[in-house]
Amino acid sequence: MFRRKRSAEDFAEEIRSHLELEADELRSEGMDQEEAHRRARVDFGSVRAARERFYMKSRWQWLDRLVRDLRFGFRSLRQSPGFALTAILTLALGVGANTAVFSVMNAVLLRSLPVADPHRLFYLRTSNPPRGTGTIDTTQTFSYPVYDALRNDKRALSPVIAYVPLSGNKVAVRYGAQPEEGEGDMVSGTFFSGLGVKLSRGRGFTEQDEKDHAPIAVISYNYWTRRFARNPDVLGSTLYVNAIGFTIIGIAAEGFEGLEPGASTDFWIPLQNRPELNAWGNAPEDGKIYTTNPTWWCLRLIGRIAPGVSRQQAVSALTPLFQRAAYVGLGSPMEGEKPPTLGLEEAKGFPGYSERFGKPLRLLMAMVGFVLLIALTNVAMLLMARNAARQREFSMRLALGAGRRDLLRQLLIESLMLVAAGGVLAWLFAIAATRALAAWAQIESSLAPDETVLIFALSILVLAALLFGLAPLRIALAAGPALALKSSAATSNVDAGKSRAAKAIVALQMTLCVVLLVGAGLLIRTLRNLENTPLGLHVDGLVVFGVKPEFKSVPQGIAFYQELMSKLRALPAVESVTVMGERLGSWWSNNSDMTVDGRLPDVPNGGSRTVRSNVVGPGFFTTLGVPVLAGRDFADSDTANSPHVGIINEQFAKRFFPNQNPLGRMIGTGDGRYQMTVVGVVKDHKYRSIDEGPIPMAWYMYAQIPIVGKMDVEMRVHGDPLAILPSARKVVQQMDPNLALIKPMTQRAQYELTISNQILFARLAGFFGLLAVVLVATGLYGTLAYRVSRRTAEIGVRMALGAARAQVVWMILRDSLLLTAFGVVAGIPLAIFVGRALSSSLYGVRPLDLVTYALAISGVTLVALAASAAPAGRAASIDPQKALREE
Amino acid sequence: MPTQENNEDRIALLQGTLDLLILKTLLLGPCHGQGVARSIQRQSEEVLFVDHGSLYLALQRLEDKKLIQAKWGVSENNRKARFYSLTAKGRAELLEKTSQWKKLTRAMGLILEPQGEEV
């Protein structure tokens, strides 16, 4: 089908041979040679026509024609490079932005976990754990006795799998000599088999491994690639986790990055029972770790529902068991206490992403959808304008013998060329943009565009190609061969219907532009508000890092941190150093009830009694730059042997010591076992995140409490804060070669992480708003410029009849201002709707923010004026004589 | 596209018959294009005149349909010529087309020369 059997030369050769044979035969019938040749030729008819027909009938013809059409299309696009470039770039931006946002959405919201039969996997959830328990997350974590009870009942959920991180942050690991940090989970023996995650090498865990607390580890494919360059020898070697050796026995299947929400797990080990490997990296409490402390709800659970069992059936089957196990170590429920309930939540998507990114991503998708709509209509309008301007060219070609089908094919090919070029660019743009998005959103799991994304992008392009193919159709068909001969530029294109359609499209674009600008404006103002929120502390010059040493006793731990602080203080450029149990601005906080003067305080109006607390070192508030309003800061002189002291914030004083002097009063833990005297009141400041409201807080002195473990070190330095890290690392490793600096960064960067979603969201929204403005401007400019050029003769006549230049300019401007007005009127209700949808993402700005609306409206008006300026100027500078003579 | 195919109807009418005549001619043995033309003219007692350009295109078309095959050879009088011969598929086609043609001519005859009825 694709190979031509005969060349045109071969055919010509055959005809030549025919003529010879015929001549021979005629000669043998008695004709002389010359006459014979002549007769043969005459009898044959037109040799050239036969050859031409052979050529036309050949099977290569369609390809020949395609090549010719492509060449012609390329030439004609090159004749108007501005048009071609604008169209291709517009397409690339519109489609690329959509593809990028869609691929993130695809990875984050639509893709299933790479496990066997994900539809039967469910996360276990609870309403509220019983009083007297400590939790990581009030609805998502469970105690060890609950896990133990549920996994032994195999009727409804089998298996029930527990998993828990080795650290709230990252855990210290060592492979070879260099200490590093990694994300590791302790998991049930059924983790890999129960989830149905294959091992790409080696083996997974067994239930026996869990019972034995076996010192073995499985690493993720991603970690294997990133850290070990896919070296197969890594199997069998030792990975040290908190200085305890684990033999690597397997590498998980590619694409499986664990179940931790929004994070990528590097390695898994079976559930352990050593104090150094407590869940979440916590120090043992009274010598108890997660397996032995029944009131610490710290394990996440996931289960596979048995075939044929509904979610409701599973819940009712397990609830009695769950409620019994929930009170292990607590005694029976108190009078009137509502026992916790059990729930199951679908686990087929990637963990935690839906809550974090679901809403912003859907809104972004809507925004880029608007951008795409603008982009597509833009290109369609450009194409229509261009092809309308070429109508006389078409007529000429029709008159010269081209078929309508030829014309149409030519137009389609030109659109296809644009779409193809735009599509390739869009794909490149999408890949880059996806990477940038992933980096901004700090989505650690892989986001490579897959087939779903490709199909999405292709379907947009097909849509575009169809749209662009249909747009010129009408025009091509409207052009008759006679048009070229009888009409002039002035009259050939005054088609009221067509220009009304173009006006409607521009007004629609204006509408979308208003909506996008309002959305972007609201989000950018939110970001401004967040960035300008006073933190209540002097954040510049602060640098923070974590250390997680192992201690045999509490005094050893205190001594370690004392030595560490004094060594760090001795470094040049260091102003002050302190330590803290929970890092500021890390989203983590320790929340509990506290006793005041020996008993739980009464709170009026059913307000919350919850107090946020932290364990900190000497000079904490001085280092942070938080003003001490009354009393004093912690000092080196507060030791294990001196009276226990605590510090509270304004909110605490206001709520629990209204109109009293809190200094000298006693506060303590919820169970009343640890008591301390309030020695200071500090000003409220941001603790967990930037967008939090004030909440009562209390601080313990680290050297006085009976627990010591991982701490974060906060240093105030002169000059670049990060420059101190190499020497700080040296100090830490001199004290313990196993220690890595965990997540070192400036305190400002740490705070900004808490608004990273908002930053990302606002930046993207701003970008898309800007994109929309640029697209609308080019679209409007193109349309107006085209209309002015069509009306050259008309304007010439008007001016010849005495119209002033100002009148002509106003005529053009009035057109675009009218369109803008229409767009704005239609856009405002839509923008109000979008603002409402955004309201939960806003901070310090109302959805009906007048300034934002005013800015958006003046924005589109400016765009309209700017886009009309050049065409209007051109119209005004038309020389009436020339314009009329041209016809 | 500067092609004019305004006589398409006439070619379509000729096509079927010309193809049939070529196949029939080749049933007698391999032959070159000029020979085929001559043979048709002679056998039809010079009634049918074959347009040579159309003949070669028809030959090409039949070759494309694998009804005939061709190779270059030397004629009796030592001229280089392209010789066509019938394939098995061509033979089958000839049989089918011949019977169709006979049916058609019979039907045409019945209508054009009705027996016992005035026109």
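Reader: Leaving aside its neighbours within four places in sequence, which residues is Leu299(A) in contact with, and what makes a pair a contact?

Author: Leu299(A) is in contact with Thr141(A), Phe142(A), Tyr144(A), Tyr147(A), Ala162(A), Val164(A), Ala279(A) and Tyr290(A). They are called contacts because the C-beta atoms of each pair, placed from the backbone, lie within 7 Å. This is a predicted model, in which local features need pLDDT of at least 70 and side-chain atom pairs count only at pLDDT 80 or more, while totals for chains, interfaces and linings use all residues. Residues are numbered from 1 along each chain as its sequence is written, and chains are lettered from A and ligands numbered from 1 in the order in which they are written.

Reader: Why is the set around Ala217(A) and Leu299(A) called a nonpolar core?

Author: A nonpolar core is a set of buried Ala, Val, Leu, Ile, Met, Phe, Trp, Tyr and Cys residues joined through C-beta atoms within 7 Å. The largest such set has 125 residues, and Ala217(A) and Leu299(A) have the most contacts inside it. Strand 4 (residues 157-165) of chain A gives the most to this core, six residues. Domain 2 (118-349) and domain 4 (549-738) of chain A each supply at least three residues, with bounds from an automatic or database domain assignment. A second, separate core of 103 residues includes Ala464(A), Ala772(A), Ile812(A) and Ala867(A).

Reader: Nice. What makes residues of helix 6 of chain A count as buried, and which are they?

Author: A residue is buried if 20 or more other C-beta atoms lie within 10 Å of its own (exposed if 12 or fewer, partly exposed in between). In helix 6 (residues 144-152) of chain A, Tyr144(A), Val146(A), Tyr147(A), Ala149(A), Leu150(A) and Arg151(A) are therefore called buried. Their cover includes strand 3 (141-142), strand 4, strand 14 (299-305) and helix 10 (311-326) of chain A. Helices (H or I, at least four residues) and strands (E, at least two) are DSSP runs, numbered from the N terminus.

Reader: Where is confidence lowest in chain A?

Author: The lowest mean, 53, belongs to helix 15 (residues 481-486) of chain A, and the highest, 95, to strand 12 (residues 267-270) of chain A. Over residues 487-497 of chain A the pLDDT, the predictor's confidence in each residue from 0 to 100, is below 50.

Reader: And which element gives the most to the side of chain A that touches chain B?

Author: Helix 1 of chain A does, with nine residues. That side divides into eight nonpolar, six polar and nine charged residues; Ala, Val, Leu, Ile, Met, Phe, Trp, Tyr, Cys and Pro count as nonpolar, Asp, Glu, Lys and Arg as charged, and the others, Gly among them, as polar.

Key. Two residues are in contact if their C-beta atoms, placed from the backbone, lie within 7 Å.
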